[in-house]
Amino acid sequence: GINIVDCGRGRIIRPYVHDIDWFKAPDPLSEQVVGLWLQGCTNVSVTDPVIRNLTGSTTVTAGRTGETTYQTDGLAISGCSGVTVVGGRITDCWEGSDVSGTGTNSNIWFFGTVYEDIDAYGQKWVHEVLDSGAVGCRAYRCGYTGFVVAGGTAPVDSFGPTNLRLTACMA
């Protein structure tokens, strides 16, 4: 995938990430496949990302049997501020977008992003997330939920998502 670390004032236009599997099959152990990963970035925009077929699979996941994607995130955001994702389509992975990770995320916004055939969560917001949200995003055929917001984990996190807004989103 694509990993952007400690970037300030950047634009990522139409990234296309597809067909990634784990190095070790059939169980990733500690491996994590990420299509597009922003870490410690400020003022970055992502326009029309297409991320699909991150197909690490195992036969037993979350109590289910049969082949399923696992430990594959379409778009991950960790310790960032001022990130905007406009449009795009994320399909066939474990989590569509994961706004969590190390450090506080603030002012993270998704506009019109579509998630399809996601095994767990279409859009996940956990740990320390401030003043962020999604507008007009859609999640189809997600295994757990289209959108999940969960609190922090003490003593690692001081707080969970705060001032988070989901407007006109559909699952």
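Two strands pair if DSSP finds at least two bridges between them. With that in mind, this predicted model can be read as a protein chain that has zero helices and 19 strands. Six of the strands form an open sheet with parallel pairing, in the order E1-E4-E9-E12-E15-E18, and five strands form an open sheet, likewise with parallel pairing, in the order E3-E6-E11-E14-E17. The points below take up the chain as a whole, then these sheets, the nonpolar core, the salt bridges and one cysteine.

**The chain as a whole**

- The protein chain counts 171 residues, and buried residues make up 44% of them.
- The protein chain exposes about 8,100 Å², and carbon and sulfur atoms supply 51% of that area.

**The six-stranded sheet**

- In the sheet with the order E1-E4-E9-E12-E15-E18, the edge strands are E1 (2-5) and E18 (145-150), each of which pairs on one side only.
- From one strand to the next, the twist of this sheet averages 10°.
- Strands E15 and E18 run parallel and are joined by five bridges; as one example of partners across strands, valine 126 has alanine 150 in E18 as its bridge partner.

**The five-stranded sheet**

- In the sheet with the order E3-E6-E11-E14-E17, the edge strands are E3 and E17, and each of these pairs on one side only.
- Neighbouring strands of this sheet are turned against each other by 5° on average, when direction is ignored.
- Strands E3 and E6 run parallel, with four bridges joining them, and the bridge partner of valine 17 in E6 is isoleucine 51.

**The nonpolar core**

- In soluble globular proteins, nonpolar side chains tend to be buried together.
- The largest nonpolar core of this model has 30 residues, and those that touch the most other members are Leu38, Leu75, Ile77, Val83, Ile108 and Phe110.
- Strand E4 (residues 33-39) gives the most to this core, contributing three residues.
- Phenylalanine 110, when its neighbours within four places in sequence are left aside, is in contact with a list of residues that includes Leu75, Ile77, Val99, Tyr115, Trp125 and Cys137.

**Salt bridges**

- Side chains of opposite charge can pair when their charged atoms come close, and the structure holds six salt bridges.
- The side chains of arginine 52 and aspartate 19 meet in a salt bridge, with a distance of 3.9 Å from N to O. Arginine 52 lies in strand E6 (residues 50-54) and aspartate 19 in strand E3 (residues 16-20), so the pair ties together parts that are 33 residues apart in sequence.
- Arginine 52 is partly exposed, with a relative accessible area of 26%, and aspartate 19 is also partly exposed, with a relative accessible area of 48%.
- Glutamate 95 and lysine 124 form a salt bridge in which the closest N and O atoms are 3.2 Å apart. This pair links distant parts of the chain, as glutamate 95 is in strand E12 (residues 95-100) and lysine 124 is in strand E15 (residues 121-126), 29 residues apart; both glutamate 95 and lysine 124 are buried.
- Arginine 141 and glutamate 116 meet through their side chains in a salt bridge of 3.7 Å, N to O. Here too distant parts of the chain are linked, with arginine 141 in strand E17 (residues 138-142) and glutamate 116 in strand E14 (residues 114-118), 25 residues apart.
- Arginine 141 has 54% relative accessibility and therefore counts as exposed, since exposed means over 50%, whereas glutamate 116 has 18% and therefore counts as buried, since buried means under 20%.
- A network of salt bridges links Arg89, Glu116, Asp117 and Arg141.

**Cysteine 7**

- Cysteine 7 lies in the loop between E1 and strand E2 (8-13), and this residue is partly exposed, with a relative accessible area of 25%.
- Leaving aside its neighbours within four places in sequence, cysteine 7 is in contact with Gly40, Cys41, Thr42 and Val44.
- Cysteine 7 and cysteine 80 are 73 residues apart in sequence, and their C-alpha atoms are 9.4 Å apart in space.

Note on methods. Residues are numbered from 1 along each chain as its sequence is written. This is a predicted model: local features need pLDDT of at least 70, side-chain atom pairs count only at pLDDT 80 or more; totals for chains, interfaces and linings use all residues. Side-chain values use heavy atoms; hydrogens and water are left out. A salt bridge is a side-chain nitrogen of Lys or Arg within 4 Å of a carboxyl oxygen of Asp or Glu. Helices (H or I, at least four residues) and strands (E, at least two) are DSSP runs, numbered from the N terminus. Buried means under 20% relative accessible area, exposed over 50%, partly exposed in between (1.4 Å probe, protein chains only). A nonpolar core is a set of buried Ala, Val, Leu, Ile, Met, Phe, Trp, Tyr and Cys residues joined through side-chain atoms within 4.5 Å. Contact means heavy atoms within 4.5 Å. Accessible areas come from the Shrake-Rupley method with a 1.4 Å probe; for residues, only the protein chains shown count as cover. Axes are lines fitted to C-alpha atoms, for helices over the stretch in contact, and angles run from 0 to 180 degrees between N-to-C directions.
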